[in-house]
Amino acid sequence: MEPNWQLIRKRETLEKRARIMQQIRAFFIQQQFLEIETPHRIPTNAPELHIDAVQSADWFLQTSPELCMKRLLAAGYDKLYQICRCWRDGERSKTHLPEYTMLEWYRSNYDYQQLMCDCEALLLHLLPDRQINWQGTTIDLSSPWQRITVAEAFSSFSSTSLSEALRTDEFDVIIALEIEPKLPRNQPVFLTEYPTEHASLARIKPDNPMVAERFELYIGGMELANAFSELTDPEEQKRRFTNEESQRQKAGKTPYPSPDLFLQELATLPPAAGIALGIDRLIMLLCNQSSIDEVVGFTPEQL
Amino acid sequence: MYSCSDLKKGLKLLIDGEPHVIVKYDFTKPGKGQSLYKCKLRNMITGALFDRTYRSGESFSPASLSERDMQYLYKDESGHVFMDKETYEQVILTEDTLGDDKYFLVDNMDVEILMHDELAIGISLPIFVNLRVTHSDPWVKGDTAAANNKPATVETGYTLQVPSFVDEGTLIQIDTRTGNYVTRVKE
């Protein structure tokens, strides 16, 4: 038996990955964020219809550290970040691993618009040359990055209207199969103002109750981060969780207990915003790799 | 029954009463949206190819195919010829029917022929096959680290990435599920 070549050939990428992780931490330390660790194994996740947790005895592995991060915000911690593992059952493709690395950061007295500026600053910190060359495409990182609302994206890139797509439950299909492939690739793009029914933890936009203050960041056509201004109303959050949970159960999914401590403590959450960014996909972009398999030592299939 | 999480390249499903094989598979999931399973399917009887996107919650019937142990003999103008070692009965499968499986056939290899109503419509390969490298450029020492791997062609015409130390004439093991290099084979 010769040494495992699938591991040997990843050395250059894994070394670069380690350097990028150090640079990400340096960015947040410089901005006086507090690095936090929260438990990976938790009694419940925020109920979301299309995100399935992996069970761990009678608890779950986290699908995101967001509930604990927001409890810290509610206790007065105002600038937090975490780099951790998250698990999402059944997600596997060239850009998905069922266990992957997430970067989340949260700020009090902040909103989703300001988080877009944070994204620009983070990427420019990692890439002072303001450019990514990924799979034959040159991506210009000069700010400001393009902002397209979901409504604009539907009218520009889809033959179906947004209201029709919501009515027929085709929203996700059109985003994935019609809109994502047509998003500009020579520059990062923020897709913003998601319909409220597609943003269960986000604040509703004060001047337009149809949409939430949520965005997704796409770079090179690949979804990299999801962010929103946080919903801070415990009653409204409880209603939305109850609704998501009943839809989950209708779809035959594992029931989640209600995250009661989170809901209680939400009462003291100041206006805040938070974002989750897929580290493995970021490494793919920075190492010019087309598959997530190339930026981790082991995929589940190699264990 | 299969669920969406069972879908993968090579899985055989019964659709409208006919066996189909997934020849290309991709999972996608927009933001916090629902999982979508993009499949390119081939009708195993007619050879027709088409695309279909499934959503989580859908279920599928497995294609119930019987299997017959046979030996691969050779390839001629009519196609790839297989023989039942007990009855000496022969069946021929065309390149179109075999798809990428044709790259992993070695003379005298034992395979399982997939049968649908007495009709041979495909094969089931062993997980690993050994094939000889017939062409690969020598690796130049001092090349950048990206040259850790290089393209190589094996005896069946299949091309794949191999480590730079694999020379022409080397027998290598390939994983037929992924088409990837596994290791050199000691002879």
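I started at A:Glu180 and listed its neighbours. Leaving out residues up to four places away in sequence, A:Glu180 touches A:Ile175, A:Arg185, A:Tyr218, A:Glu223 and B:Pro30. I note here that the model is predicted.

Where does A:Glu180 sit? I found A:Glu180 in the loop between H7 and strand S10 (189-195) of chain A. I then looked for a charge partner. A:Glu180 is buried yet has no salt bridge. The nearest side chain of opposite charge belongs to A:Arg185, 7.5 Å away. The cut-off for a salt bridge is 4 Å. Which side chain makes a polar contact with the side chain of A:Glu180? I get A:Tyr218, at 2.6 Å.

**Interface of chains A and B**

Next I took the whole interface. Chain A puts 27 residues into the contact, and chain B puts in 26 residues. About 2,300 Å² is buried between the two chains, and carbon and sulfur atoms give 53% of that area.

Four salt bridges run between chain A and chain B. I picked out the one that joins B:Lys29 to A:Glu91, with the closest N and O atoms 3.5 Å apart.

I sorted the chain A side by element. Helix H1 (5-8), helix H7 (171-179), strand S12 (208-219) and strand S13 (222-229) of chain A each give two or more residues. H7(A) gives the most, with five residues. By class, I get eight nonpolar, six polar and 13 charged residues on the side of chain A that touches chain B.

**Chain B overall**

I looked up the make-up of chain B. Chain B has one helix and 16 strands. The C-alpha trace of chain B spans about 55 × 55 × 25 Å along its principal axes. Of the 187 residues in chain B, 43% are buried. Among contacts in chain B with a separation of 6 or more, 41% join residues 24 or more positions apart.

A:Arg17 pairs with A:Asp280, with the closest N and O atoms 2.8 Å apart. A:Arg17 lies in helix H2 (residues 11-30) and A:Asp280 in helix H10 (residues 279-286), so the pair ties together parts that are 263 residues apart in sequence. Are the two partners buried or exposed? A:Arg17 is buried, at 12% relative accessible area. A:Asp280 is buried as well, at 2%.

A:Asp52 and A:Arg248 meet at 3.3 Å, N to O. A:Asp52 is in the loop between strand S2 (41-42) and strand S3 (55-56), and A:Arg248 is in helix H8 (residues 234-250), 196 residues apart. A:Asp52 is partly exposed at 24% relative accessibility, while A:Arg248 is buried at 1%.

A:Arg92 and A:Asp293 form the third, with the closest N and O atoms 3.0 Å apart. I placed A:Arg92 in the loop between strand S5 (79-87) and strand S6 (99-108), and A:Asp293 in the segment after H10, 201 residues apart. A:Asp293 is partly exposed, with a relative accessible area of 22%.

Last, I traced shared partners. Salt bridges join A:Asp52, A:Glu245, A:Arg248 and A:Lys253 into one network.

Notes:
Residues numbered from 1 in each chain as written. Chains lettered and ligands numbered in written order. Predicted model: local features only at pLDDT ≥ 70, side-chain atom pairs only at ≥ 80, totals over all residues. Heavy atoms only, no water. Contact = heavy atoms within 4.5 Å. Buried area = accessible area lost by both parts, 1.4 Å probe. Helix = DSSP H or I, 4+ residues; strand = E, 2+ residues; numbered from the N terminus. Nonpolar A, V, L, I, M, F, W, Y, C, P; charged D, E, K, R; others polar. Buried < 20%, exposed > 50% of the residue type's maximum accessible area, 1.4 Å probe, protein only. Lys, Arg positive; Asp, Glu negative; His and termini not counted. Polar contact = N/O pair within 3.5 Å; in protein donor to acceptor, adjacent residues only side chain to side chain.
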